[in-house]
Amino acid sequence: MRSTRCALAVAAILAAATLAPAQTPVDQTWPAAKNALVEIQNPAGSVTIKAWDRLEVTVKGTLGKGAEKLEFSGDRLRLHLTAKAPSHERPPESDLVVNVPAGGRVQVTGLSTRIDVAGVAGPVSTQTIDGGVTVSGAAEVEVKTVNGPVEVTGTKKRVQVNAVNGDATVKGGSGTVHASTVDGTVVVSGTALESVRLNSVQGSVRFEGRLPAGASLHAHSVGGTVTLAIPASNGVDYTVGTMSGTIKNDLSDAAPKETIARKELSFSTSGGGATVQVDTLSGTVHLVKP
Amino acid sequence: MDDYVDGLLDDGLQEEVRRHLAICPACAEKERGLRRLVADARALPRAMAPPRDLWPSLARRLGATPGKRRWMERAWDWGGLAAAASLVVIGALAAWWSSRQPAPFTPDGTLGAAVRASYAGLAADDEYERADAAFLAVLETRRGRLRPASRARVDASLRAIDEALDAIRAELRERPSDPGLNLMLASVHQRKVDVLRTVVSLTS
């Protein structure tokens, strides 16, 4: 009988341990200035940032099993939040939903962290190795990612995306876009961008849309394909060169001039106005009709 | 960035850059690095070329020998890594400073065309390779922080860069003075350093 009771007690303890919450809930609020800088470090899991009209920063969500705490430092002008994790282990996954003042500035750093930012008017900066990144509606965006996909939409002034092998998409907006990849895919689309710079080592880069008069697009690639889908009705001066790659031109009858070391193609559509310069070592350049 | 450091921007733009630096650690690090480089370049006698082999100094700063990895891991100082990258380009910057050519860095923080054009691609290859090796040695100590699939993808991208570098080198052997190829080699090298720096930084 006693052994049966002992066995039941042990089983109960084990069951309780199994049913104990693996994650710790978080629900905290701090006062913040309307243009507060909010810095968030979460090594794994997700960070979802939403803008609101209150002068507060709230964090709701769960800290992953093994996470030590959500650490706060700073003041209402600069708030620094860290999901603390043991430094020498694979970090636990914490999922945080953060509300920030709409005029705030945001900086998120992660390792294996999905990052979503929506509606923040100030500059947004993210760095992560794994996990996707989406940012919409910010004035300025800077994204550094290694493996994760990136999608940036509707940025008003400046986008800089440094991807390595994740796919990156930049849609719409105005101002400047600088996007680079090592061996992923970069697609930029828009009709009001003033300056576009696309760089690739071995990945493919693509622009689709229109360029306003006076705008410029520079694309450089070593071995990756550069594809431009700009309508012939858009006034553009093209200068395209490659050493050992191929130039395919669907926009006009102009053919590349070949020398021993290089192929070059220069022509204009609809009287010119915007500038396109493309240069590759061995990558294909394809000027396609949209 | 260099115009900002030199105080050449108009007040509005200067303030805009200052605000951006306040929230962007990457750019802030570039700014600090540029200020250090400019200070170093100013300190160089204008008539003296910088030493060709930068590796001894690099190695001293990084402790980049296999037996010292644990020490490196403990003592790793991001400033040291920035200094490594700084050393790679210090010669070029010194040349830039002497001639006061504008824009040593492009807005995305890579070396500007004027500097890179004066920068013999293949001759700089060894220095970059050694800097890469130092970053890789540190990365090796931090691999456990990455998921296996992530490690594999990072390795694949580094291989893609190495293949690109090989392709550019092959062309450069045929046309060593081609400015476009030299720029491309420097640019891809810079990209590799940026990738390594990002991974090392985020896994620290």
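Is A:Ser125 buried or exposed? I looked this up first. A:Ser125 is buried, because its relative accessible area is 4% and the cut-off for buried is under 20%. I note here that the model is predicted.

**Entry: A:Ser125**

I placed A:Ser125 in strand 10 of chain A, residues 124-128. Then I listed its contacts, leaving aside neighbours within four places in sequence. Within chain A, A:Ser125 touches A:Val106, A:Gln107, A:Val108 and A:Glu142.

**Entry: A:Ser112**

I went on to another serine. A:Ser112 sits in strand 9 of chain A, which covers residues 112-118. With a relative accessible area of 9%, A:Ser112 is buried. I again set aside neighbours within four places in sequence. That leaves A:Pro43, A:Ala44, A:Gly45, A:Thr128, A:Asp130 and B:Arg147 as contacts of A:Ser112. I also took a C-alpha to C-alpha distance from A:Ser112 to A:Ala163. It is 15 Å in space, for 51 residues of separation in sequence.

**Entry: cavities**

A:Ala163 came up again here, in the lining of the largest cavity. I counted three cavities of 30 Å³ or more in the structure. The largest cavity holds about 70 Å³ of space. I sorted the lining by class and got four nonpolar, three polar and three charged residues.

**Entry: aromatic pairs**

How many aromatic pairs are there over all chains? I get two. In the pair of A:Trp30 and A:Phe72, the ring centres are 4.8 Å apart and the planes are at 15 degrees, so I call the pair stacked. A:Trp30 belongs to strand 1 (residues 24-31) of chain A and A:Phe72 to strand 5 (residues 69-74) of chain A, so the pair ties together parts 42 residues apart in sequence. A:Trp30 counts as buried, at 12% relative accessibility. A:Phe72, at 29%, counts as partly exposed.

I turned to A:Tyr238 and A:Phe267. Their ring centres also lie 4.8 Å apart, with the planes at 10 degrees, so this pair is stacked. A:Tyr238 is in strand 22 (residues 236-242) of chain A and A:Phe267 in strand 25 (residues 263-269) of chain A, so the pair links parts 29 residues apart in sequence. A:Tyr238 is buried, at 2% relative accessibility. A:Phe267 is buried as well, at 9%.

**Entry: chain A overall**

I count one helix and 27 strands in chain A. Why do I call chain A more spread out than a compact globule? Its radius of gyration is 25 Å, while the globule rule gives 19 Å for 290 residues, so chain A is more spread out than a compact globule. Along the principal axes, the C-alpha atoms of chain A fill a box of roughly 95 × 45 × 30 Å. Of the 290 residues in chain A, 52% are buried. I also checked contacts in chain A with a separation of 6 or more. Residues 24 or more positions apart account for 45% of them.

Note on methods. Residues are numbered from 1 along each chain as its sequence is written. Chains are lettered from A and ligands numbered from 1 in the order in which they are written. This is a predicted model: local features need pLDDT of at least 70, side-chain atom pairs count only at pLDDT 80 or more; totals for chains, interfaces and linings use all residues. Side-chain values use heavy atoms; hydrogens and water are left out. On a 1 Å grid over the protein atoms alone, a cavity is a set of points where a 1.4 Å probe fits but cannot get out, and a pocket is an open set with protein on both sides within 12 Å along at least five of seven lines; lining residues have an atom within 4 Å of a point. Grid points are joined across faces, edges and corners, and a volume is the space filled by probe spheres set on the points. Ala, Val, Leu, Ile, Met, Phe, Trp, Tyr, Cys and Pro count as nonpolar, Asp, Glu, Lys and Arg as charged, and the others, Gly among them, as polar. Rings of Phe, Tyr and Trp (its six-membered ring) pair if their centres lie within 6.5 Å; planes under 30 degrees apart count as stacked, over 60 as edge-to-face and the rest as tilted. Helices (H or I, at least four residues) and strands (E, at least two) are DSSP runs, numbered from the N terminus. Buried means under 20% relative accessible area, exposed over 50%, partly exposed in between (1.4 Å probe, protein chains only). Contact means heavy atoms within 4.5 Å. The radius of gyration is taken over C-alpha atoms; the globule rule is 2.2 Å times the number of residues to the power 0.38.
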